[in-house]
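Hi everyone, thanks for making time this morning. Let me put the model up on the screen, and then we can walk through it together.

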Amino acid sequence: MTRSQLRRAAVAFAFVLGVANIYFYNYAALFAAGHPESTVRFNLYGDPQIEGDAKLKREPTTGKYDLLVNDYYLHHVYTSTISAFQPHYVVTMGDMFSNQWVKKDEYYRRIARFKWIAGQADKSGAPIASSRLYMHLAGNHDIGYGDETRSYHINRYTNNFGPLNQEWTIDLDQHSSQSTNGMHRIAIINAMNLDRTREAQFRNTTWEFVLKLAAERALGPEIPLVLFLHVPLSKPDGLCATSPETRHKDGFVKYQDYLSPATSAYLLHCLAPSLVFNGHDHDGCLSMHQIERNLEQPVTLPNSTRTLQKSDDLCRMSLDELDRYQAEIETFARKTLTAVAAAATDMSRLPSSLAMEVTVRSAMGAYGGAAGIFDMAYDRSGTVQPRLSTHGRGFTLASRNKFQYRYREVQFGNHLIIRALLIIDILSAVLVPAVLLLV
């Protein structure tokens with residue numbers, strides 16, 4: 001290669017490298033260009049699972065470098081998508097940390113790192129003022145599965161991240177302060193203690209919240225509910241990347257990919273959510289649940305004059321009864337619930353009882369640094385026809401009651417590509433100028 005060719009190659013390489021850096025630095029702004037406006041927007045981040053001292057013990061040489069790069073990687077995912085999409089809510093879908101058993105000092109070190117990653121604090125730990133609300137879901141790596149949850153898990157989580165269960169309302173109709181047409185309920189439920197839990201108090205507290213919400217939903221079912229859980233709802237094998245598996249220890253949940261069929265049936269029938277968002281399954285998934293609220297032939301309950309024939313029969317059950325008749329509820333669920341992959345659909349041809357479920361892909365580098373953008377808007381004109389269209393793990397839904405919902409997934413790029421680019425940047429900063437000077 002001649003000197004002239006070498007110089008041209010060096011210039012071309014520098015140009016391509018510069019374009020790659022510009023893209024990755026500004027990727028979120030590029031995705032946001034032309035993104036439709038909305039009344040309320042949520043940015044959703046799945047399972048960051050930041051590591052710490054255990055990794056340093058396992059990998060004393062490379063561990064510190066990996067943690068540093070991973071923190072900056074996740075910080076870029078959070079802050080660039082927040083800056084580009086300007087959400088009203090920033091929701092981490094659980095599993096902020098990689099292990100719920102970390103000691104106190106390490107726990108608070110990870111909190112400081114996580115708040116910097118999420119853009120809530122600067123490097124010194126000082127809070128960054130913001131008008132948006134940061135919400136968090138409790139995951140198995142935050143408080144453990146039902147067999148593992150202990151009081152100190154619960155206490156330190158709620159002291160630093162807020163309540164395990166909470167709900168509030170938002171109004172999408174900003175043109176009328178008197179109308180309730182745009183009202184939505186938003187609920188976060190502690191999914192880790194919905195199924196069998198060793199320390200009953202935690203499960204009882206969770207179900208007190210769920211039963212109260214169900215009673216309120218029965219009085220106002222016309223107001224759409226958006227439900228947030230860490231663990232996905234029960235669904236058949238093959239619908240998502242993860243196969244359903246649950247393991248128990250002494251009858252309590254030791255591990256689960258999905259909530260039990262009985263618990264899922266109660267949430268779908270009795271809370272009647274329009275949309276359900278969760279994490280846990282790092283690959284992400286998009287599905288929908290069709291709900292039949294009445295059976296022609298009832299399910300008989302043993303040693304009882306009662307039967308399960310319609311949703312109300314299930315919704316009137318206490319927690320003790322939900323446990324006692326779990327097999328019968330699962331039969332009822334198989335007959336009344338149909339989970340399918342979300343696909344383009346004319347909503348007028350579907351039953352009114354339909355719930356979209358989005359499992360948010362993990363923000364971790366191995367999964368491309370994904371962020372979910374969820375938009376809600378109210379079509380006062382009513383000109384948009386009810387329809388569901390899908391695109392990858394995203395969708396656009398125009399409902400019968402004039403609401404429009406959009407979800408899209410924005411990915412930064414696999415961490416190996418980003419690491420390789422970083423190394424090439426460092427080497428090029430030395431080699432490219434040297435080549436140009438020599439030739």
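Let's start at Thr-149, which counts as buried because its relative accessibility is 0%; buried means under 20% relative accessible area, with a 1.4 Å probe and protein chains only. A word on the source: this is a predicted model, where local features need pLDDT of at least 70 and side-chain atom pairs count only at pLDDT 80 or more, while totals for chains, interfaces and linings use all residues. Residues are numbered from 1 along each chain as its sequence is written, and side-chain values use heavy atoms, leaving out hydrogens and water.

Back to Thr-149: you'll find this residue in the loop between α5 (140–143) and α6 (151–161). Helices here are DSSP runs of H or I, at least four residues, and strands are runs of E, at least two, numbered from the N terminus. A polar atom of the Thr-149 side chain lies 3.0 Å from the backbone oxygen of Tyr-145, and one lies 3.3 Å from the backbone oxygen of Gly-144.

Now please look at helix α1 (residues 3–32) and helix α3 (residues 63–85): their axes come within 8 Å and cross at roughly 35°. Those axes are lines fitted to C-alpha atoms over the stretch in contact, with angles from 0 to 180 degrees between N-to-C directions. Contact means heavy atoms within 4.5 Å. On the α1 side we have residues including Phe-24, Tyr-27 and Phe-31, and on the α3 side, among them, His-76, Val-77 and Phe-85.

Zooming out, the protein has 12 helices and 19 strands, and 53% of its 439 residues count as buried.

Terms used. Buried means under 20% relative accessible area, exposed over 50%, partly exposed in between (1.4 Å probe, protein chains only). A polar contact is a pair of N or O atoms within 3.5 Å; within protein, one must be able to donate a hydrogen and the other to accept it, and residues adjacent in sequence count only if both atoms are side-chain atoms.
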